[in-house]
Amino acid sequence: MASKGLFISFEGSEGCGKSTQIERLATRFRDSGREVVTLREPGGCPLGEKIRDLLKFDPAGDGMSAEAELLLFVASRAQLVREVIRPALDRGAIVLCDRFLDSTTVYQGVARAIAPDTVASVNAFATGGTLPKVTLLLDLDAAEGRRRAASRKGPTDRMEQEQEEFYEAVRRGYLDLAVAESSRIAVIDASGDIDAVGASIMAALSERLKGECHGLL
Ligand code: T5A
């Protein structure tokens, strides 16, 4: 049965502005009277948050293999889909998710060079066919994203300790994926100020959700 809700994911490299834009969009949608569920990956549910800590901060994660990393990211996703996303969509909520399966395709598949077929098959297993209707890819120069991320408070995590080439591979991987999946992924220039990026997001959503979101956009 098709769900009544709307699932939108946000993607991009570190510091590209996903959380900032999700907060703005959630406020806008809530003001129009809709239930909005904002989530982050890894995380978004108790089990996922534990996995997030393992992936990012727990010293037990030092020296983690790329294979174990892949499976932990998708384990978090498998739980989030079943515990939170599907029930929310069935209630008719709008789900805004900070990262989803494309992060795994790009970070583990492209930047960590795990075979694309392997990544695609574990992603398919974890999502069980629950996919975003629209994915907004906030595209930003990798170094600028790292500068923005560093300007925020908070400790550096395991995933933020890679060399610059890693983040450049992530950016290229995302742009290639957006070409391959152009019907779902909209590329947003994230180099402007917060209002300019927000306006580009609204324009992309209006175009891609034409006729489906009465009174929302
Ligand atoms: N990962 C994740 C994988 O490897 N595989 C996977 O499958 C998944 C799901 C998650 C890490 O895990 C990896 C990817 C990541 O390395 P995270 O802590 O959730 O890590 O961090 P990120 O998703 O990378 O998010 P960030 O919090 O770093 O960045 P955001 O949310 O994109 O950016 P935001 O909004 O916090 O903005 C960063 C700073 O820039 C400012 C903000 O005020 C903030 O200070 N800012 C702007 N400044 C100027 N102009 C703008 N337009 C701005 N927009 C925001």
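How much space lies in the second largest pocket? About 210 Å³ of space lies in the second largest pocket, where a pocket is an open set of points on a 1 Å grid over the protein atoms alone, with protein on both sides within 12 Å along at least five of seven lines. Grid points are joined across faces, edges and corners, and a volume is the space filled by probe spheres set on the points.

The model is predicted: local features need pLDDT of at least 70, side-chain atom pairs count only at pLDDT 80 or more, and totals for chains, interfaces and linings use all residues. Residues are numbered from 1 along each chain as its sequence is written, and side-chain values use heavy atoms, with hydrogens and water left out.

The secondary structure of the protein consists of eight helices and five strands; helices (H or I, at least four residues) and strands (E, at least two) are DSSP runs, numbered from the N terminus. Along the sequence the elements follow the pattern β-α-β-α-α-β-α-α-β-α-α-β-α. The protein has a radius of gyration of 17 Å, close to the 17 Å that the globule rule gives for 217 residues, so it is as compact as a globular protein of that length. The radius is taken over C-alpha atoms, and the rule is 2.2 Å times the number of residues to the power 0.38. The C-alpha trace spans about 50 × 40 × 35 Å along the principal axes of the protein.

The five strands form an open sheet with parallel pairing, in the order β2-β3-β1-β4-β5; two strands pair if DSSP finds at least two bridges between them. β2 (36-40) and β5 (185-189) stand at the edges with a single partner strand each, so one side of each is left without a neighbour in the sheet. Neighbouring strands are turned by 20° against each other on average, direction ignored. Strand β1 (residues 6-11) is joined by five bridges to the parallel strand β3 (residues 94-98), and L6 stands opposite I94 in β3.

Helices pack on this sheet. Helix α3 (residues 66-91) touches β1, β2 and β3, and its direction makes about 160° with that of β2. Helix α8 (residues 194-208) lies across β1, β4 and β5 and runs at about 155° to β5. Contact means heavy atoms within 4.5 Å; axes are lines fitted to C-alpha atoms, for helices over the stretch in contact, and angles run from 0 to 180 degrees between N-to-C directions.

The largest pocket has a volume of about 1,100 Å³. Its lining comprises 42 residues, of which E14, G15, K18, R152 and E160 lie nearest the centre; lining residues have an atom within 4 Å of a point. Two or more lining residues come from each of α1 (18-31), α2 (46-56), α3, α4 (101-111), α6 (142-151) and α8, and α6 gives the most, with five residues. By class, the lining of the largest pocket divides into 14 nonpolar, 12 polar and 16 charged residues. Ala, Val, Leu, Ile, Met, Phe, Trp, Tyr, Cys and Pro count as nonpolar, Asp, Glu, Lys and Arg as charged, and the others, Gly among them, as polar.

The second largest pocket is lined by 14 residues, with L101, T105, A120, N123 and E181 nearest its centre. α4 and α5 (116-127) each supply at least two residues of this lining, and α5 gives the most, with six residues. Seven residues of the lining of the second largest pocket are nonpolar, four polar and three charged.

A search of the whole structure finds one cavity of 30 Å³ or more, a cavity being a set of points where a 1.4 Å probe fits but cannot get out. The volume of the largest cavity is about 30 Å³, and its lining is formed by E11, D102, T135, L137, Y174, L177, A178 and I185. β4 (134-139) and α7 (164-180) each supply at least two of the lining residues, and the largest share, three residues, comes from α7. Five of the residues lining the largest cavity are nonpolar, one is polar and two are charged.

Two loops have backbone features of note. The peptide bond from E41 to P42 is cis, with omega near -10°, and P42 is placed in the loop between β2 and α2. R99 lies in the loop between β3 and α4 and has a positive phi of about 80°, although R99 is not a glycine.
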